[in-house]
Each structure stands twice: as C-alpha cells, then as structure tokens.
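Dear colleague,

Please find the structure below, handed over for your records. My findings follow directly after it.

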Amino acid sequence: MTDRAVIPPGTHAPIAPFSPGMMADNVIYVSGTLAFDANNDVVHEGDAAGQTRHILETIKRVLETAGSSLADVTFNSIFITDWANYAAVNKVYAEYFPGEKPARYCIQCGLVKPACLVEIASIAHKRP
C-alpha cells in the first residue's frame, strides 16, 4: 500500500495536526473541510451557501492535486450547525454533484469555530 499526503500548492497551515487529504491505494480521504481563508479565518460568515461553495471548491482542489475529481467522490460526511441551513447546503451541493450523487450523511453539531456553519469530509476512489 502506498500512502501519501495530498496538499494542494498554496495550502495554508491547518489549525490542527492533519493533512488536507491522504491517498492510499487510489482512495483519497479528504479531511473535514471548513470555509477558511489563508489565515484560518472563516469566510462567508452567516452564509451557509457561500461556505458550502467555498468548502466544495477546496475539496475539489485537494482531489485535483491527487489526480482525481469530484466525479470520483463516493461518500461525503456533512456537518451543519443548524437544520435551518440544510436547504441552502443541499442547493449548492447539487450543483457540484449533478449526476449520480455520492452516498452521504448529514448531522447537526457544533463546529471548531462559532462562525463555521458547514463542514464536509469526502472519500473518492481515483479512476485508473
């Protein structure tokens, strides 16, 4: 098995000890991703759709760095702080996954910074 960290060029240092992604045997595990800028400040405060878009763009960059794409995503874990944001998250999510949808779950919980409304972690299987 070959494991390697997946870190897109220009990625900021994370707020905890983890890599943005990890690839093992053509499976890419993307860490829980939040709507952070280069200084680890939350972007799109109060805007769940904006945060979701930012997060999915970040996940897309991690996957592309590993030679993969959102089309290879098989599973997403979604965390939201308020069910009132569920529809906004789903609307943006559907734009990024227009065909067959990956398996997923969504739970309501607290996140690492109070201004964070959404967090998404992904698993993708890189096509040969």
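Asparagine 40 sits in the loop that joins E3 to H1; helices (H or I, at least four residues) and strands (E, at least two) are DSSP runs, numbered from the N terminus. Although asparagine 40 is not a glycine, its phi is positive, at about 60°. The residue is buried, with a relative accessible area of 12% (buried means under 20%, exposed over 50%, partly exposed in between, with a 1.4 Å probe and protein chains only).

Please note that this is a predicted model, in which local features need pLDDT of at least 70 and side-chain atom pairs count only at pLDDT 80 or more, while totals for chains, interfaces and linings use all residues. Residues are numbered from 1 along each chain as its sequence is written, and side-chain values use heavy atoms, with hydrogens and water left out.

Aspartate 25 also has a positive phi, of about 50°, without being a glycine. This aspartate belongs to the loop between strand E2 (21-24) and E3, and is partly exposed, with a relative accessible area of 48%.

A further loop residue is glycine 110, located between strand E5 (103-108) and strand E6 (118-125). Glycine 110 is exposed, at a relative accessible area of 66%.

Turning to the helices, the axes of H1 (residues 48-65) and H2 (residues 86-96) come within 8 Å and cross at roughly 30° (axes are lines fitted to C-alpha atoms over the stretch in contact, and angles run from 0 to 180 degrees between N-to-C directions). The contact (heavy atoms within 4.5 Å) involves Ala48, Ala49, Thr52, Arg53, Leu56 and Glu57 of H1, and Ala88, Val89, Val92, Tyr93, Glu95 and Tyr96 of H2. These residues comprise eight nonpolar, one polar and three charged (Ala, Val, Leu, Ile, Met, Phe, Trp, Tyr, Cys and Pro count as nonpolar, Asp, Glu, Lys and Arg as charged, and the others, Gly among them, as polar).

Finally, the largest pocket holds about 430 Å³ of space (on a 1 Å grid over the protein atoms alone, a pocket is an open set of points where a 1.4 Å probe fits, with protein on both sides within 12 Å along at least five of seven lines; lining residues have an atom within 4 Å of a point; the volume is the space filled by probe spheres set on the points, which are joined across faces, edges and corners). Of its 23 lining residues, His12, Phe18, Thr33, Leu34 and Thr58 are the closest to the centre. H1 gives the most to this lining, with four residues.

With kind regards
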